[in-house]
Amino acid sequence: MRFAVSIAVISLILAGCASVEPGRSLGREIDDVNASVSVKSAMLRAEGYALSGVDLEVTEGVALLSGSAPRPADRVHAECLAWSSPAVRSVTNEISIGGGRGPGRALRDTWLTQRVRARLLTDSAVRSVNFNVETYDRVVYLLGYARSVGERERAAEHASLVDGVERVVVLVRAEGETRELPARGEHRAEMCDAQSAPAPAA
């Protein structure tokens, strides 16, 4: 059965940058790994919040939160923790409220991810190493860096053509793009400073 696939493209770039360095640098990859480790550690230490069902990926300074949480307060706190890393410049919060997806659906998502990666790998016009592919509940998320808008669109099309994919969300920076974003500290203050302590998680 084929699903009607929608593709959402979100352009992401560092605030205040006049130019963009081409490609993914080793320094950025290290920053992404360190950010992921620090935020995941903070989630494990978050008392009063239920974040065990939340997944995190950080690529090119873009933090993707997916998975599930039992309460809206848990969802908001996970985003606060993502903003707490200095290396994170943008957060996309796709956490759903309610139960998790279960092992069967998780295996299906893994299979879809592998299918998308295989399509990118076999296309000589796409530098697959620059893309990170994540799937949750049949929604495919593309993160990373594209050498052009055309390459980004081509990668998104590959993902949309995989049987079983319902939606494609593109969080990929294309070379030459610029966009003003609020400073990380401003985002975190807006999201977190007024948040009151929750009742104990069930």
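Me: On a 1 Å grid over the protein atoms alone, a pocket is an open set of points where a 1.4 Å probe fits, with protein on both sides within 12 Å along at least five of seven lines, and lining residues have an atom within 4 Å of a point. Which residues lie nearest the centre of the second largest pocket here?

Reply: Rolling a probe the size of a water molecule over the atoms shows where empty space is left. This is a predicted model, in which local features need pLDDT of at least 70 and side-chain atom pairs 80 or more, while totals for chains, interfaces and linings use all residues. Residues are numbered from 1 along each chain, and side-chain values use heavy atoms, without hydrogens or water. In the second largest pocket, Asp55, Arg101, Thr113, Glu134 and Thr135 lie nearest the centre, among 16 lining residues.

Me: Which element gives the most to that lining, and how do its residues divide by class?

Reply: Helix α3 gives the most to the lining of the second largest pocket, with 6 residues, while β2 (54-59), β3 (62-69), α3 (102-121) and β6 (131-136) each supply at least two. By class, this lining has 5 nonpolar, 5 polar and 6 charged residues.

Me: At what angle do helices α1 and α2 pack?

Reply: Angles run from 0 to 180 degrees between the N-to-C directions of axes fitted to C-alpha atoms over the stretch in contact. Helix α1 (residues 26-45) and helix α2 (residues 72-83) pack at about 140°, with their axes 9 Å apart.

Conventions. Helices (H or I, at least four residues) and strands (E, at least two) are DSSP runs, numbered from the N terminus. Ala, Val, Leu, Ile, Met, Phe, Trp, Tyr, Cys and Pro count as nonpolar, Asp, Glu, Lys and Arg as charged, and the others, Gly among them, as polar.
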